[in-house]
Every structure is written in C-alpha cells, then in structure tokens.
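Subject: Structure for you to look at

Hi,

Here is the structure I promised. Please open it and keep it beside you as you read.

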Amino acid sequence: MISMVREMSKEVSNALSTIAVELCDARVLPPQITHHQIKLNSNKLETTLLEALEQIGLVTSLNDPIFLKKGSVGVFGVPLTHDATVYAGDRIELYRPILIDPKTIRRKKANQNKDAVLQEKAKKRAINRVIR
C-alpha cells in the first residue's frame, strides 16, 4: 500500500514538473504541428520561450537564427521575444520570414492603378484632339 502511494506521488510530481505545449513550424509547407513535454526547472508552472525551444532541440543560444529576426517566433499568433513566458497548453509558432513588405506591395498596386487611370485619360485627350 505504501509503495503504491509512493508511485502515485512520483507520477503526480512528474506530471507537475512538465508542461505540454504544441509546436507549429510554419517555415515549411504545409505547417507541421508536433506535441512536446517541457520539463520545468523548479516548482514554477511556466518556462521561458528560449528554455522551451532549447528542450525541444530547435535552439542552442540567443544567437540562433530563430531569434535573430524580430517576430519570427510567437505564441498563438502573437510575436514574442525569447524571455516571454510559456504556459501549459500554449502553441509555440515559428513563422516564415516576410519576403516582401506588405506596404510596398500595396503602394506598387496603387501606383499601377493610378498609372492606368492617367494613361486612359491621356488616350481620351488624344482622341478628342484628333476629332476636333
């Protein structure tokens, strides 16, 4: 009976010393989701993003390429830094780098549309001049 209670207390302490997280790697297509158990250092119920990624095996230090670009890692769609807290049940996400700035794309499209409108007006003026 006593040995059974000890085994149960070990299982409970082991369950309390780890947290379950999901890792969504969107750097590859299609994005891959994996489940991991992260060991906690002490009686805390959370860990940092850097510690979690080190235990998963993706990061070795702060100089790792994952942390070099701002906004390349986050939790539930919110970009975070290496010292952010990760709790049980969180989904850690690794994002693809943005190749082209969205503002630049919108600006180019707006200029193309503007150019098309101006060219159309110029054609109408040319036609009106020929008709006169």
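Predicted model: local features only at pLDDT ≥ 70, side-chain atom pairs only at ≥ 80, totals over all residues.

Residues are numbered from 1 along each chain as its sequence is written, and side-chain values use heavy atoms, with hydrogens and water left out.

**The sheet.** Five strands form an open sheet in the order β2-β1-β7-β4-β5, with mixed pairing. Strands are DSSP runs of E, at least two residues, numbered from the N terminus. Two strands pair if DSSP finds at least two bridges between them. The edge strands are β2 (32-39) and β5 (78-79), each pairing on one side only. Strand β1 (residues 18-25) runs antiparallel to β2, with eight bridges joining them. A20 stands opposite Q37 in β2.

**The charged pairs.** Two salt bridges are counted. The term means a side-chain nitrogen of Lys or Arg within 4 Å of a carboxyl oxygen of Asp or Glu. D25 and R27 form one, at 2.9 Å from N to O. E93 and R91 form a salt bridge too, with their closest N and O atoms 2.6 Å apart.

How covered are these residues? Buried means under 20% relative accessible area, exposed over 50%, and partly exposed in between (1.4 Å probe, protein chains only). D25 is buried at 13%, whereas R27 is partly exposed at 39%. E93 is buried at 8%, and R91 is partly exposed at 25%.

Best wishes

Methods:
Helix = DSSP H or I, 4+ residues; strand = E, 2+ residues; numbered from the N terminus.
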